[in-house]
Amino acid sequence: MSNDAPHIPVLINEVVVGLAVVPGETLVDGTFGAGGYTKALLGAGAGRVIGFDRDPDAIANGPSLVPDPRLTLVNERFSQMDRALADRGLLPVDGIALDIGVSSMQLDQADRGFSFQKDGPLDMRMSQSGETAADFLNHAEEGDIARVLKEYGEEPRARAVARAIVAARPLTRTAELAAVVRRALGYRQGQKSDPATRTFQAIRIHLNAELEELEQGLRAAERSLRPGGRLAVVTFHSLEDRIVKRFLKARSGATPAGSRHRPLAAAGPAPSFEQVAKPVSPSEAELARNPRARSARLRTAVRTDAPAWDQEKAA
Ligand SMILES: C[S@@+](CC[C@H](N)C(=O)[O-])C[C@H]1O[C@@H](n2cnc3c(N)ncnc32)[C@H](O)[C@@H]1O
């Protein structure tokens, strides 16, 4: 582990309130990270917490971060949670928390290659397996790199950055990539936000298929919760929040199944979730303590007794 400040859990009190923990319940922390949410859920009286993380380091550090016999750690993607829980005879569960994105532990460890502020190998793989950022950047077509930067980083000059990346190949270090992006976009020292932020975010989201994981994770949560079970999802940017918002809107019958313009027979499956609260953003006090929480947003919902819309197991 690094010597930097540990991960500060975001919207933690709001998540505990949103999950309305009843003592003795079985809860899933789908993104264990540094165990911040798990600790809070156990502190609120959970009888058992199943902590998932796709990062083997997070799972390996887990027992020392949260030494508690009520915790079970699983090195698996949350999109596979229903299968993993079924294998352990733990379905259905009473509540699920997802805290989307990277942890400070991952960002702060230079050798994981997530940060443009620390020089390290161009890696960026949460699961520590599969294609690295260097593999992608050194072999992909310029057009594919540009598409990733535009779609996942909302980089307005994606073409120019992709061209500069291709011209600078082979790239092996995060510092090299950051320098290439800054040069392509005319970055000046002291400029408010570093343009490399968008490129790093985009490559990370692409490599880890983060948006697909979120889509599949929400479906897996729908299949895993008991009627009355609660879901709490914290996202960090609009691309992620949009996915959660649309999913819960559709599943709670707001669109298009509940549309008053549609005949009842065409209304689609019964709502599988009920949205009980408005989305929550961090308080001023939290932002003062933890500026990284700036763009965080929490959405919560309660599972109804209707069948899951998508019964299929995630691939
Ligand atoms: C923002 S951190 C969670 C921090 C945690 N809530 C805490 O308080 O310490 C996100 C964590 O989720 C993990 N993660 C991201 N996507 C995942 C996925 N699809 N399945 C499982 N774990 C995932 C990352 O490896 C990272 O450790």
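These legends accompany several close-up views of a predicted model.

Residues are numbered from 1 along each chain as its sequence is written. Because this is a predicted model, local features need pLDDT of at least 70 and side-chain atom pairs count only at pLDDT 80 or more, while totals for chains, interfaces and linings use all residues.

**View 1. The shell around the ligand.** Let's start with the 23 residues around the ligand, of which P9, T31, G33, A34 and G36 come nearest. A residue is near a molecule if its C-beta atom, placed from the backbone, lies within 6 Å of it. Helix 2 (36-43), strand 2 (48-53) and helix 11 (210-224) are the elements that give two or more residues to this shell. Helices (H or I, at least four residues) and strands (E, at least two) are DSSP runs, numbered from the N terminus. Sorted by class, the shell holds eight nonpolar, nine polar and six charged residues. Here Ala, Val, Leu, Ile, Met, Phe, Trp, Tyr, Cys and Pro count as nonpolar, Asp, Glu, Lys and Arg as charged, and the others, Gly among them, as polar.

**View 2. F78 and Q106, two positions from the UniProt record.** The "binding site" annotation in the unreviewed UniProt entry covers G35, G36, Y37, D53, F78, D99 and Q106. Its positions are given in the numbering used here, feature names are shortened, and annotations may be inferred rather than shown by experiment. F78 is in the loop between strand 3 (71-75) and helix 4 (81-87), and counts as buried because it has 28 C-beta neighbours inside 10 Å. A residue is buried if 20 or more other C-beta atoms lie within 10 Å of its own, exposed if 12 or fewer, and partly exposed in between, with C-beta atoms placed from the backbone. Leaving aside neighbours within four places in sequence, F78 is in contact with G30, T31, F52, L98, G217 and A220; contact means C-beta atoms, placed from the backbone, within 7 Å. Q106 sits in helix 5 and is buried too, with 22 other C-beta atoms within 10 Å. Beyond residues up to four places away in sequence, Q106 touches D55, R112, F114 and M126.

**View 3. The largest nonpolar core.** Among its 52 residues, V15, L27, L41, I96 and V234 touch the most other members. Strand 5 (residues 225-235) gives the most to this core, with five residues. A nonpolar core is a set of buried Ala, Val, Leu, Ile, Met, Phe, Trp, Tyr and Cys residues joined through C-beta atoms within 7 Å. Apart from this core lies another, of 29 residues, including L122, A162, A196 and I203.

**View 4. The buried side of helix 8.** In helix 8 (residues 158-168), the buried residues are A158, V161, A162 and I165. They lie on the same side of helix 8 because they cover an arc of only 100° around the axis, the arc being that of the directions from the helix axis to the C-beta atoms. These buried residues pack against helix 6 (133-139), helix 7 (142-153), helix 9 (174-185) and helix 10 (196-207).

View 5. Most residues other than glycine have a negative phi, and most peptide bonds are trans. A cis peptide bond joins L91 and P92, with omega about -10°. The bond from R169 to P170 is also cis, with omega near 0°, and P170 lies in the loop between helix 8 and helix 9. Q128, although not a glycine, has a positive phi of about 60°; Q128 is exposed, with 12 other C-beta atoms within 10 Å.

Technical notes
Two residues are in contact if their C-beta atoms, placed from the backbone, lie within 7 Å.
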